[in-house]
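Subject: Handing over a structure, with notes

Dear colleague,

Please keep it open while you go through them.

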Amino acid sequence: MEEFTKNIGEVMNQENDNEEMTSNEKKEESIAPYVGMPVEEDCKKIVVYVYGDNIDYVNQLSHEEKNKIVNESLAVSRVKRVVETKKDTYRNYIVHFVIIGITLILFTPVIFTVVNKSFELTVKNYKTSEQNFMQLYKDKNALQKKDLSKMKKMKHK
């Protein structure tokens, strides 16, 4: 198990020379439960196809060494996948925040302009309606006065 953690540490250092040692130790600890499991525990036998140029090398290895190599490769692959997933998630968050920021910067003035025009049109419509109503009211009063004067004339006849 110690040899495995050393190998994983070397792989992590080669991939990310800029990362701190504590980061590598955390990754090694997250892999540790999956590697070097005794056969009695939850294991599964699988068939692995090996490329032609690796056949001689694999035939020279013992059964335990083959298991160790496969499990170490799977552990490294799992770590890489977790790191890539976190990077992709982080990248997606950044892209979404940039899109939200640009949207707010560009469309906030547009929204204020639309609201302003809406208020201006509402006030203008209200004033026009008020003027029309006042004109109608004046015309109606004028008609009523004419009708009353006709009625007065009829009574006098």
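What follows is a short account of what was found in this structure.

Please bear in mind that this is a predicted model, in which local features need pLDDT of at least 70 and side-chain atom pairs count only at pLDDT 80 or more, while totals for chains, interfaces and linings use all residues. Residues are numbered from 1 along each chain as its sequence is written, and side-chain values use heavy atoms, with hydrogens and water left out.

To begin with the overall fold, the protein chain has four helices and zero strands, where helices (H or I, at least four residues) and strands (E, at least two) are DSSP runs numbered from the N terminus. Read from that end, the order of elements is α-α-α-α. Of the 157 residues in the protein chain, 10% are buried; buried means under 20% relative accessible area, exposed means over 50%, and partly exposed lies in between, with a 1.4 Å probe and protein chains only. If we take the contacts (heavy atoms within 4.5 Å) between residues at least 6 apart in sequence, 57% join residues at least 24 apart.

The surface comes next. The protein chain exposes about 14,400 Å², and carbon and sulfur atoms supply 59% of that area, as computed by the Shrake-Rupley method with a 1.4 Å probe, where for residues only the protein chains shown count as cover. A nonpolar patch on the surface includes Tyr90, Phe107, Val115 and Phe119, and its residues together have about 1,200 Å² of accessible area. Such patches are made of residues with over 30% relative accessible area and no salt bridge, like charges being joined within 9 Å and nonpolar side chains (Val, Leu, Ile, Met, Phe, Trp, Tyr) within 5 Å. Val115 lies in helix α4, which covers residues 63–156, and its relative accessible area of 38% makes it partly exposed.

Finally, there are the charged pairs. A search of the whole structure finds two salt bridges, each defined as a side-chain nitrogen of Lys or Arg within 4 Å of a carboxyl oxygen of Asp or Glu. In one, the side chains of Arg91 and Asp88 meet at 2.8 Å, N to O, and both residues lie in helix α4, three residues apart, about one turn of the helix. Arg91 is partly exposed at 48% relative accessibility, as is Asp88 at 37%. In the other, Glu120 pairs with Lys117, with 3.8 Å between the closest N and O atoms.
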